[in-house]
Every structure is written in C-alpha cells, then in structure tokens.
Amino acid sequence: MRSALNCSTGFAVTPLADAAGPAVHRGRILSFLSDPGDGAGAASYRYFADGALIVENGRVAALGPADAVLGQLPTGTVIADHGDDLLLPGFIDNHIHYVQADVIAAGGRQLLDWLQDYTFVEEGRFGDPEHAGEVAEFFLDQLARHGTTTALVFCSVHPESVDAFFAAAGRRNLRMIAGKVMMDRNAPAALCDSPERSDLESRALLARWHGKDRLHYAITPRFAITSSAAQLEVAGRLARDFPDAFIHSHLAETRSELAWVRELFPSSRSYLDVYDGYGLLRERAIYAHCIHLDARDRARMAESGAAAAFCPTSNLYLGSGLYDIAAADAAGMRFSTATDVGGGSSFSMLRTLDEARKVARLQGQDLSPLRAFYLATLGAARCLKLEDRIGRIEVGTEADFIVLDLRATELIARRTAGAHTLSDVLRILMTLGDDRAVKATYILGRQVHGHPAATATIAPMKPVS
Ligand SMILES: [Zn+2]
C-alpha cells in the first residue's frame, strides 16, 4: 500500500486546485523511450507503479516515483490522486477525416463506391461554415472522450472546412494538424478545385494557420486518382516552399485503386512512385494504408523518411487488405496506428489497437501490447517528427496526457485484478477497452474530459523523535 507522504521543504509550485484541477498527479505512469519492437524490452519504456508528475505552464515539470516527487512539495499541496489508474501520453491519431464524422457506419462495399455513394455526398456540405463548425466541435469532443490529444486530419476541399476546424482546435489549445483536400478530377464537380485554385487556397491557409498556436498545416492531395498531374505538381511545389509543413494522403489501399492509378500514370513504376515523382516523399509525409506495396516501395518509404498510417478498423470495414507489419519492419519503414474515421469504424485508439493485433495475427505475425501502445503514442509522434513535444511524458514535454481506468467495466476490473504484468494490463485494456476506459483527458495539464479526479493533500511532516 502507499505510504502517506510527509514533507516540509519544497520548490515553488503554483497554488493548485484552480478551475483546471490540481497540477500534481499521482498514479501509475507509463511513457515510452523507444520502439519495444526493436528488442529493447524493458529499456524501451519508463513505468512508475506509484508515480507522480507535476505540470507547470502546460509542460511536465517533474516526473518520478511518487515518494521522490511529492516529497519535495509543501505541506497542504493538493494532488490529483488517480489511485491505480494508468497515466499515459495522449493518443495520437495519424489519419482521420473530421468531415466524415457523419459517414461512420455508412454502407458501401469497398473504397471506390463507398467514396462515391456516401463520402463525397457528405463532404459536399462543408462549404457551409456553420455546418463545418458544428461537426468540428462534435469531432473534437469525440477525440477528447476517446483520449486522442493530437490528430492528422483531412478536411474537405472547401477552405471553410479548414478554417472551422483550426478555429475550434485553437480555442481548445490543441496540437492539431490539418489541411484542405486538393482534388481536381474523378469526383463530383462541386467537390473539385483546380491546380491553380488549390495552390492559392492552400497557400492562404498555410499563411493563416501553420505555426499559429499549436496548429500545423498539412498539404493534402486526396490521392493520386483525384489529382491531375498538374495538381500533384502544385502539391510538390508547396512541399518545397514549406519544408516544415506536413504532407498527408492515401496510398495503396485497395487493388482496384492500384489498377486505376496504373491507367492514370502509366509511366510510374508503382503507386508510390507517382508521389515520389512529384517530390511528395520526405519526413513529415504521412500516407494512410500502405497495404499493397512491394519491397522496393517499402525501401523507398524508409529511405525518404515518409511514414505509413496503419488503419486496421477501416481496412477491415472496407475489406481493403491487411497491413504487413513484418514487411514494414524488415524494410525499416516507420508507421503508426490510426482510425481513418469514417472508413474506420471507431474513434477509439484502444479498439484500433485490438484490430491491429488481429490483422497481425491473420498473417501469422504478432503485435505486443507494449508495442501497440508505443505506436499510438511515441511511435506516432516520431512519424510526425513532434516527439520533442508530444507522445511522451517526460520533463519538458507538453502535458497532454490521459488516465485509463483499470475498473472501467466489470469485466476489465475482474481481468486487471488478476493481471501480473504491465503487458497483461495493457493487453486487457486494448482488447476490452473503448471510450469507457478513458477516465480523463488533459490538454496542457488542463482537464478537458472526465470527472474531476479524487484529491489528496500532502500531510504535515511528523516530528522526528
Ligand atoms: Zn482516409
């Protein structure tokens, strides 16, 4: 059992218990240092079975065993006591469409007819700022509820959809990445821009939002099928002009998509080669799916620093195929997990990790619980090159973290009570958990979802006899 902490001397911690709640948190704390898939084992993470962290000015100011951290605090300091619950960096979702929040669980057989029959119809509504604003708020509420604190987000072709999203994310102080879809063919006319218009609109949005608050812009050609060669050239020029902007698109999701790309770009060696030819492969370029790649494509992905977003619930929902983790690892290709709502069937990263493990198992591969949680936190931050700010709980990182409830349901409580290792606890959470397991979400140390945590007070020091 925990010991009561006594303490006298202390460094200055701002008085706690303001509207955002205490700035000192006690609980189990897990944060990754490297990829557990690299064989580092216990050296790949830091885990405090009884840990504490202190937030100052939105950043982690101290972290360690509770005895050591709390021992420095003045008597009377109020702490948020999370008991046996697990504190983790917030989840990072590296591929999701906010404009598809109302398409989730729609019909459709496979990607191309699903786009035509449901998605394009819905995206047509996002030229209306009021509609876009309402959906953006709903979407961000859902992310908070599911413990996702950063996402790489597709908007629609309308600049209004991007303005609405960034305005909402900015009001919430979120670290978010998004961009206007570039799409000038093979889609309804009302959803098409042109190379010139996509250039002008993307540049205006970059100027307005990229680097403002915690926001970043992503140059976002939808996929090779819906962009002409002239528009991909524009995207490549934008990428050169804004080297620290993100690039976000889809790649090699289904076989029928591949066949169409071959017809449209007959001189390209592969689907990936189309993007490569326009200068769209580099660090901070994220490609969703990457299922139907060959060894040369994977080697090129690794070499270029581009990363894949593995979207298992979407790939299973639309029957697109199975992402090959072993082949990606063999090539040294970077990837993380993502939901791809609304092709994906859940906002929950826990549900996503469960499905990711099943996709691995269907191919005779494995995804360990430690690696799964790495991919959804530090692994995703590394794909974005933002690991100095998010994806970890370390001194100096931004205090975006979540609390997972080991008693979220009767079944989870029963199973975690008998769990002997951290891996067992994580496996139970990712197999049985969903948004009910996310007890609280904190952005820059401020609670934005969940009930206020129980509090405790540092007791006066007992006189030494
Ligand atoms: Zn997508």
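Helices (H or I, at least four residues) and strands (E, at least two) are DSSP runs here, numbered from the N terminus. With that settled, the protein chain has 16 helices and 17 strands. Its radius of gyration is 23 Å, close to the 23 Å that the globule rule gives for 465 residues, so the chain is as compact as a globular protein of that length. That radius is taken over C-alpha atoms, and the globule rule is 2.2 Å times the number of residues to the power 0.38. Along the principal axes, the C-alpha atoms fill a box of roughly 85 × 45 × 40 Å.

A word on what you're looking at: this is a predicted model, in which local features need pLDDT of at least 70 and side-chain atom pairs count only at pLDDT 80 or more, while totals for chains, interfaces and linings use all residues. Residues are numbered from 1 along each chain as its sequence is written, and side-chain values use heavy atoms, with hydrogens and water left out.

How confident is the predictor? The pLDDT (its confidence in each residue, from 0 to 100) averages 93 over the protein chain, and 94% of the residues score at least 70. Residues 3–19 are another matter, with a pLDDT below 50. In the model, this stretch still has 42 contacts beyond near neighbours in sequence, a contact being heavy atoms within 4.5 Å.

Now for the chain as a whole. Of the 465 residues, 59% count as buried; buried means under 20% relative accessible area, exposed over 50%, and partly exposed in between (1.4 Å probe, protein chains only). If you take contacts between residues at least 6 apart in sequence, 76% of them join residues at least 24 apart. The chain exposes about 17,400 Å², and carbon and sulfur atoms supply 51% of that. Accessible areas come from the Shrake-Rupley method with a 1.4 Å probe, and for residues only the protein chains shown count as cover.

As for charge, there are 47 positive and 56 negative side chains, and the centres of the two sets lie 4 Å apart. Lys and Arg count as positive and Asp and Glu as negative, with His and the chain ends not counted. Each charge is placed at NZ of Lys, CZ of Arg, CG of Asp or CD of Glu.

Let's visit some residues in helices. Ala-167 sits in helix 4 (residues 159–171) and is partly exposed, at 25% relative accessibility. Its C-alpha atom is 9.9 Å from that of Glu-137, 30 residues away along the chain. In helix 5 (residues 195–209) you'll find Asp-199, which counts as buried at 14% relative accessibility. Leaving aside residues up to four places away in sequence, Asp-199 touches Val-234, Arg-237 and Leu-238.

Further along, Ile-412 belongs to helix 15 (residues 410–417) and is buried, with a relative accessibility of 1%. Pro-22 is 390 residues from Ile-412 along the chain, and their C-alpha atoms are separated by 27 Å.

Gln-447 is partly exposed, at 22% relative accessibility, and its C-alpha atom lies 9.4 Å from that of Asp-400, 47 residues away along the chain.

Arg-284, in the loop between helix 8 (271–277) and strand 11 (285–289), has a phi near 70 degrees, a positive value in a residue other than glycine. Arg-284 counts as buried at 16% relative accessibility. Between strand 11 and helix 9 (295–304) comes the loop that holds Leu-293, a buried residue with a relative accessible area of 10%. Leu-293 touches Leu-251, Ala-252, Arg-298, Met-301 and Met-333, not counting residues up to four places away in sequence.

Next, look at the loop between strand 13 (334–337) and helix 12 (349–362), where Gly-342 lies. A cis peptide bond joins Val-341 to Gly-342, with omega about 5 degrees. Finally, Lys-385 is in the loop between helix 14 (378–384) and strand 14 (401–404). Lys-385 is not a glycine, yet has a positive phi of about 60 degrees, and at 29% relative accessibility it counts as partly exposed.

Key: pLDDT is the predictor's confidence in each residue, from 0 to 100.
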